[in-house]
Amino acid sequence: MPPSSLRVVYAFAREMHPKTTDVFIQYGTAGFRTKASLLEHVVYRMGLLAVLRSRVKNGRTIGIMITASHNLEPDNGVKLVDPDGEMLEQSWEEIATRLANVSDNDLESTTAEIIKQVNSDMTLKASVYIGMDTRYTSPRLAAAAVHGVMALKGTPKEFGIVTTPMLHFCVKCRNDNTYGTPTEEGYYEKIVGAFKNISQKLPVVGNYNTTLYVDGANGVGGKKLNIIKKSLDGELDLVLCNLGGNGGKLNLNCGADFVKVSQKPPVGIEHVPFQRVASLDGDGDRLIYYYVDDKNEIHLLDGDQIAILLASYITELLKSCGAQELRLGLVQTAYANGASTRYITQELKIPVTCVKTGVKHLHHAALSYDIGIYFEANGHGTVVYSKEAKNVVRKIAEEGEAEQRKAAQLLLNFIDVTNETVGDAISDLFLVESVLRARGLGVRDWAALYRDLPCRQLKVTVQDRNVISTTDAERQCTSPEGLQTKINELVSKYTSGRSFVRASGTEDVVRVYSEADTQESADKLAAEVAQAVFDLAGGVGDRPELPE
Ligand code: 16G
Ligand code: MG
């Protein structure tokens with residue numbers, strides 16, 4: 001494409017998606033995320049960038065997802081998906097930030113500069129898949145993405161309303177047809193089909209029962225489960241709540257993030273004591289389980305417990321297959337409950353790696369194992385299997401002894417239920433249900449595997465959150481000076497105390513995490529550390545108070 005045709009980039013921008021704000025925006029942990037009203041020009045420009053990225057990748061398909069995940073309704077966001085269904089390569093985040101922030105007048109020249117910088121061959125074809133969540137602002141933003149793709153003569157394909165992981169799955173399938181069919185139906189066929197295969201092999205035994213309540217966060221995940229529900233043939237009886245009807249607002253007092261952070265059950269569900277409930281987030285990439293007991297107290301089964309359940313079951317299957325040589329490992333972040341890490345390393349004897357918050361870090365670390373299981377405590381995670389691991393299991397499924405073959409076939413189904421591209425609430429839900437069913441576990445049996453230490457999360461507003469720097473996978477704070485020493489001093493007063501602070505990648509706040517042997521202690525420690533952050537890192541507004 002000759003440079004002169006870049007003029008259309010400017011023309012489209014000026015006519016249809018002008019930049020109307022000077023607010024600087026940054027490609028963060030999960031793309032751009034802010035008030036929907038500030039995003040149209042950003043999404044248009046991500047349409048442009050996706051085309052350049054597709055061309056750099058020899059015409060392989062790139063994804064654009066319009067969503068602000070668990071944020072409330074007025075926000076929205078956009079992120080790019082790389083050809084294997086993974087997050088955009090980190091070195092492009094700065095390029096995305098630059099392109100999003102230039103003025104309309106400089107857009108043409110900046111686009112030309114980036115084309116040169118990344119060496120994008122503008123004669124190649126380019127393909128971009130576009131999906132969106134259920135927000136009322138999403139269709140307009142998706143249209144802006146389409147215009148961006150067309151401005152650079154790429155081919156957009158719109159998927160309409162899909163979960164974020166569905167879009168990742170479709171991008172992966174489009175670039176690797178051995179993975180599946182790149183459509184929503186293809187997703188159901190593979191993932192739900194494999195779950196049904198597993199269910200048919202495993203009778204319902206022990207304390208497991210097939211009823212599962214679901215908190216859909218009034219978002220896209222619940223809507224898709226409503227489609228899936230009809231095809232489950234009674235293998236799982238889904239009672240779907242918070243599907244977006246009856247005035248229920250997206251993520252408002254419901255959804256995985258609300259449940260995890262507030263440690264409260266969501267509104268919109270009539271709780272039956274000891275009934276297990278799965279809570280999804282707004283775009284369907286996080287999953288938390290919980291139950292409410294007969295005293296109305298909530299018991300969470302978060303990403304840590306999900307990881308443990310999956311890891312112990314896969315280990316068992318590997319043993320039954322006779323494939324113990326495959327290296328299985330778990331990846332967590334600093335938010336993982338200390339009790340979970342102890343249980344995994346000491347009881348299950350499975351190696352654990354700790355990395356920085358953000359899916360891309362976990363995903364990357366998980367790839368270094370033959371079978372890598374990664375979960376953030378907030379419920380985002382999945383399992384990745386190396387090619388070698390799949391080949392070994394396939395071979396056993398065909399040539400092994402009868403018992404080994406059976407286990408290997410089950411593991412192959414399990415692999416097919418997994419959305420390996422990214423954490424996926426729907427796929428994870430079917431994985432969890434498969435394991436509970438296979439082991440005859442009720443939700444209380446699952447919760448009894450080990451006991452989490454009580455924990456608390458708080459946030460503190462400061463003048464500039466970037467004054468906080470961390471090291472050791474965010475577990476130690478290196479600036480501002482004196483803060484880590486103060487945290488150490490506070491932590492040392494508590495039995496089983498642990499605390500860390502980090503700057504949020506998605507909100508203008510500093511996050512505080514604490515755990516200790518009692519909830520009172522965890523709450524007090526968090527508040528004390530929050531005060532230390534406020535005092536030493538330029539807190540604004542009211543100083544955090546200690547609990548009564
Ligand atoms: C984003 C990340 C999630 C992380 C969270 C932390 C992705 C797809 N999502 O939602 O992994 O836990 O940010 O948020 O990477 P924070 O930086 O505001 O604490
Ligand atoms: Mg999400």
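What percentage of the 548 residues of the protein chain count as buried? The share is 59%, where buried means under 20% relative accessible area, exposed over 50%, and partly exposed in between, with a 1.4 Å probe and protein chains only.

Please note that this is a predicted model, in which local features need pLDDT of at least 70, side-chain atom pairs count only at pLDDT 80 or more, and totals for chains, interfaces and linings use all residues. Residues are numbered from 1 along each chain as its sequence is written, chains are lettered from A and ligands numbered from 1 in the order in which they are written, and side-chain values use heavy atoms, without hydrogens or water.

Let me turn to the overall fold. The protein chain contains 18 helices and 19 strands, which are DSSP runs (H or I, at least four residues, for helices; E, at least two, for strands), numbered from the N terminus. Its C-alpha atoms fill a box of roughly 70 × 60 × 50 Å along the principal axes. Of the contacts (heavy atoms within 4.5 Å) between residues at least 6 apart in sequence, 70% join residues at least 24 apart.

I come now to the metal site. Ser 69 (OG), Asp 281 (OD), Asp 283 (OD) and Asp 285 (OD) coordinate the magnesium ion (ligand 2) at 2.0 to 2.2 Å. Donors here are N, O and S atoms within 2.8 Å of the metal (3.2 Å for Na, K and Ca); water is not among the atoms, so sites may look incomplete. The donor spacing in sequence is S-x211-D-x1-D-x1-D. Asp 281 is buried, at 0% relative accessible area, and Asp 283 also counts as buried, at 0%.
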